[in-house]
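I'll jot down what I look up, entry by entry.

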Amino acid sequence: MSFLSKTLLSLILLIALSSCMTTPPKPPLTIVLNKNCTVTPILEPATPIITDTTKKSFSITTEITTIALCLEETPGAKSLYHVYRLPRGFEAMDITIGALREEARILAPIVKVYDPKGSVTRAFDNDDFLFRGAHYSVQFRNRPGDAFILIASNPSIVGEVSSNISNTVTSTSYSTGTGAFFTMYSGQETQQQAKFSHTGSILLEARRLSKQ
């Protein structure tokens, strides 16, 4: 076998091997080791919800990692968090925010809304969240005086297993042979599990109510 043939064969084998390799799922983080935690959250700088004034709807995906800001409101109960900023001039919006289920983990979320001075105006804990597809989220409408939205990991449920059932419906159309058609539906239920984590992907969706 010539050198060129050996080289081509090696490249083919390398490509075939790389195509078979898969990225392992990100593991859940159950212990926060950060030492630079604060008793109150740092609200600025924050991620703005509205980045384009011509749009009506917005979708922002963010990942909370081990280098995220750390909050320790109660001694020993550390959490990681991210902050979003609402428009400075009040504008009514429908907001959905929460964690995206991943293969092995899902952020254990808690959401708090703050006024410009850093006082909590509303809080949503585990009992307020529901699965909307793969989005474990809470829905609410902002109020005058709301300035920031904080989503943080909830140490009280980190390490627990999140389980939900996903429904898939498939429709198939058939011809009767006489020019008419009918549709048959079939469904499948899949149980999906992931461990609640201090880290994970979050999704915020906002829809402006005043924008035509």
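**Entry 1: one residue to start**

I picked Ile-110 and found it in strand 7. For the notebook: helices (H or I, at least four residues) and strands (E, at least two) are DSSP runs, numbered from the N terminus. Before going on, I note that this is a predicted model, where local features need pLDDT of at least 70, side-chain atom pairs count only at pLDDT 80 or more, and totals for chains, interfaces and linings use all residues. Residues are numbered from 1 along each chain as its sequence is written, and side-chain values use heavy atoms, with hydrogens and water left out.

Is Ile-110 buried or exposed? Its relative accessibility is 18%, so I put Ile-110 down as buried. The scale I'm using is buried under 20% relative accessible area, exposed over 50%, and partly exposed in between (1.4 Å probe, protein chains only).

Next I asked which residues Ile-110 is in contact with, leaving aside neighbours within four places in sequence. The list is Phe-124, Asp-125, Phe-129, Leu-150, Ile-151, Ala-152, Ser-153 and Asn-154. Contact here means heavy atoms within 4.5 Å. I also looked up Ser-137: it is 27 residues from Ile-110 along the chain, and their C-alpha atoms are separated by 9.5 Å.

**Entry 2: strand 11**

Several of those contacts made me look at strand 11 (148-153).

Who pairs with strand 11? Strand 7 joins it through six bridges, running antiparallel, and Pro-109 stands opposite Ser-153. Strand 4 is also antiparallel to strand 11, with five bridges, and there Arg-85 stands opposite Phe-148. I count two strands as paired if DSSP finds at least two bridges between them.

**Entry 3: strand 14**

I moved on to strand 14 (residues 200-208), where seven of the nine residues are buried, so the rest of the structure largely encloses it. Strand 2 (residues 57-64) runs antiparallel to strand 14 and is joined to it by eight bridges. Strand 5 (residues 93-100) pairs with strand 14 over seven bridges, also in the antiparallel sense. I followed Glu-205 of strand 14: Ser-59 is its bridge partner, and Thr-96 stands opposite Glu-205 too.

**Entry 4: the largest pocket**

How much space lies in the largest pocket? I get about 170 Å³. On a 1 Å grid over the protein atoms alone, a pocket is an open set of points where a 1.4 Å probe fits, with protein on both sides within 12 Å along at least five of seven lines; lining residues have an atom within 4 Å of a point. The volume is the space filled by probe spheres set on the points, which are joined across faces, edges and corners.

The largest pocket is lined by 13 residues, and Glu-73, Ala-77, Ser-79, Ser-153 and Pro-155 are the closest to its centre. Strands 3 (69-74), 4 (77-85), 7 (109-114) and 11 each give two or more residues to this lining. Strand 3 gives the most, with four.

**Entry 5: loops**

Arg-88 sits in the loop between strand 4 and strand 5. It is exposed, at 68% relative accessible area. Arg-88 and Pro-116 are 28 residues apart in sequence, and 9.1 Å apart from C-alpha to C-alpha.

Ile-67 is in the loop between strand 2 and strand 3. Its relative accessible area is 75%, so I noted Ile-67 as exposed. From Ile-67 to Tyr-81 I have 14 residues in sequence and 9.9 Å in space, C-alpha to C-alpha.

Pro-45 is in the loop between helix 1 (3-20) and strand 1 (47-48). The peptide bond from Glu-44 to Pro-45 is cis, with omega near 0°. Most peptide bonds are trans.

**Entry 6: the whole chain**

Of its 212 residues, 35% are buried. Among contacts between residues at least 6 apart in sequence, 77% join residues at least 24 apart.
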